[in-house]
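Dear colleague,

I am passing on a structure that I have been reading through, and I would be glad if you looked at it alongside my notes. Please find it just below.

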Amino acid sequence: MNDTIGTDSPARITLRIHPHDNVAVALTDLPAGRQVVIDDHAVTLADNIRHKHKFTLAALSPGDIVTMYGVTVGKATRDIPEGGVITVDNVAHATESDEVRPGSKSWTPPDVTRFQGTTFDGFHRPDGGVGTANVWLVIPLVFCENRNIEVLRQCVADALGDDPYRDYKRMARQMLSGQSDTPESADSFDATAPRRFPNVDGVRFLTHTLGCGGTDDDAEALCQLLAGYICHPNVAGATVLSLGCQKAQIQMLKAAVAKRDPQRLRTVDYFDQQSSPSEEALIRNALQSIFDGLAAADRIPRQPAPLAKLTLGVECGGSDGFSGISANPLVGAVVDRLVALGGSGILSEFPELCGVEHELVARCTDAAVAERFRDLMQAYQRHAAAVGADFAMNPSPGNIRDGLITDAMKSAGAAKKGGDGPVVDVLDYTEPHRRPGLSLLCSPGNDVESTTALAGSGANLIVFTTGLGTPTGNPVTPVLKIASNSELATRMRDIIDFDAGPIVRGERGIDELAEELLALCIEVASGRHRSHAQRLSQHDFIPWKRGVSL
């Protein structure tokens, strides 16, 4: 990123990200008539420019290209004066052609001397994977079993004395009684008591709305996703509940699990309600499976593992006009460092790569990888068009309000999360991660659906950037939240793990903060630090019903 800034004040107030850009970003609210100087060129602002929004460095006519991050992010739809604000009323989505040669973009790996030989403490699995967590899963094959999953959740929480919502329940009791402080009952949870299963991070209970009433492809995709979770390196084993008559049959899930675990190294117990003599018997058998699984999982301690065993999923949600300037390139710098150390990154959200396809194709290691990326992107776009949608509809009202005017503008910043290294593989939804290095994963832009997909493909740590704030987490994979601006990091400090705001202010460099963030990732992967999403038991899980979800 080129840190050329306005020089009319000692404080940084504007930013031109790339020397070829014909727009700049306001880092603070700027009034019309204010003169700013960028690269020795004086620009008088024609409009009031809110912070995070963009303004032109030269007058534009209808059809003129708008360039940001050095790439096309839109085109003018009407005359825009020099110093005029970029809005949805004067700029439309536009992108460049992806007719570039795969492998044409070179990469110089970052200096990773500080991390050479560094390990994290993880859970080593028989198949060679290493987990950053150790959980037991309880999964319904169909939505009809969601109620039984909830019964099991409450029973297990009560038996282990480990209710993640105990503080909120105490708050509700206090509010109802009109007392500011209610004495705890004798059977209340004691946070200082030793954990029953100290080597286990807990039981995760998934629920969803699929499994029946959809297409065969929907059922198959669900089973493939659930198999990805069951065989995830952070998962010790699973208890699966089936109704019996649903479209997503037990045999389908068993086949999907066997494809990922051909040696049957993972423990999975299946229970069918329609074959059970009673609901009580179903619950009793499922509870026995869970407690037996916890006892077995507890026999697996954390042990040192090389950083090459880390697979970092990268995600953004609630993005703002600073996300592509601070948080996203910061995360990309972490991915580059991890890849240089032999590890992996997974970049998802295909609707938010629309407009930078040519950049990613140029980074693909060979023509086959590039062709798969093009094919999946085009198939996704055709599916969207068939129901009257388009990737250009991706920016949310919150994105637009904070300066992300077109999908290409949003995508150019979102793609920064993948760093600058080679793209070694392209995965379709639910496909497992296969190669060290950076992979692209076909998923929607929906935060939880995409985060769900990242874990399903094997990400054992997820870094999630946000400019507006989001509490998203995942049941099996630790999620760290990176704020694009310090105001958010302060206001929502109970969900934000790392502040990238100093980059915007020019106080800290991306390389410097990338080393700090990578060090934090290692602490979380080792279980020595809990992310806020973990602390809040933010276990979001939404399978993607393979229609259109922008």
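At what angle do helix H1 (residues 146-160) and helix H5 (residues 279-297) pack, and how far apart are their axes? Please keep in mind that this is a predicted model. In it, the two helices pack at an angle of about 50°, and their axes are 11 Å apart. The crossing of H1 and H5 is right-handed. Among the residues of H1 that take part in the contact are Val151, Leu152 and Cys155, while H5 contributes residues including Ile283, Ala286 and Leu287. Sorted by class, the contact of H1 with H5 has 13 nonpolar, 1 polar and 2 charged residues.

I then turned to helix H6 (residues 327-340), where the length can be checked: at 1.5 Å a residue its 14 residues should span 20 Å, and the end C-alpha atoms are 20 Å apart, which agrees. H6 is mostly covered, with 13 of its 14 residues buried, and it is followed by glycine 342, whose phi is positive, near 95°.

Leaving aside residues up to four places away in sequence, threonine 132 touches Phe120, Phe123, Asn234, Arg302, Leu310, Asn460, Pro478, Val524 and Ala525.

With best wishes

How values were computed: Residues numbered from 1 in each chain as written. Predicted model: local features only at pLDDT ≥ 70, side-chain atom pairs only at ≥ 80, totals over all residues. Heavy atoms only, no water. Axes fitted to C-alpha atoms, helices over the stretch in contact; angles between N-to-C directions. Helix = DSSP H or I, 4+ residues; strand = E, 2+ residues; numbered from the N terminus. Left-handed = near helix turned anticlockwise from the far one by under 90°. Contact = heavy atoms within 4.5 Å. Nonpolar A, V, L, I, M, F, W, Y, C, P; charged D, E, K, R; others polar. Expected span 1.5 Å × (residues − 1). Buried < 20%, exposed > 50% of the residue type's maximum accessible area, 1.4 Å probe, protein only.
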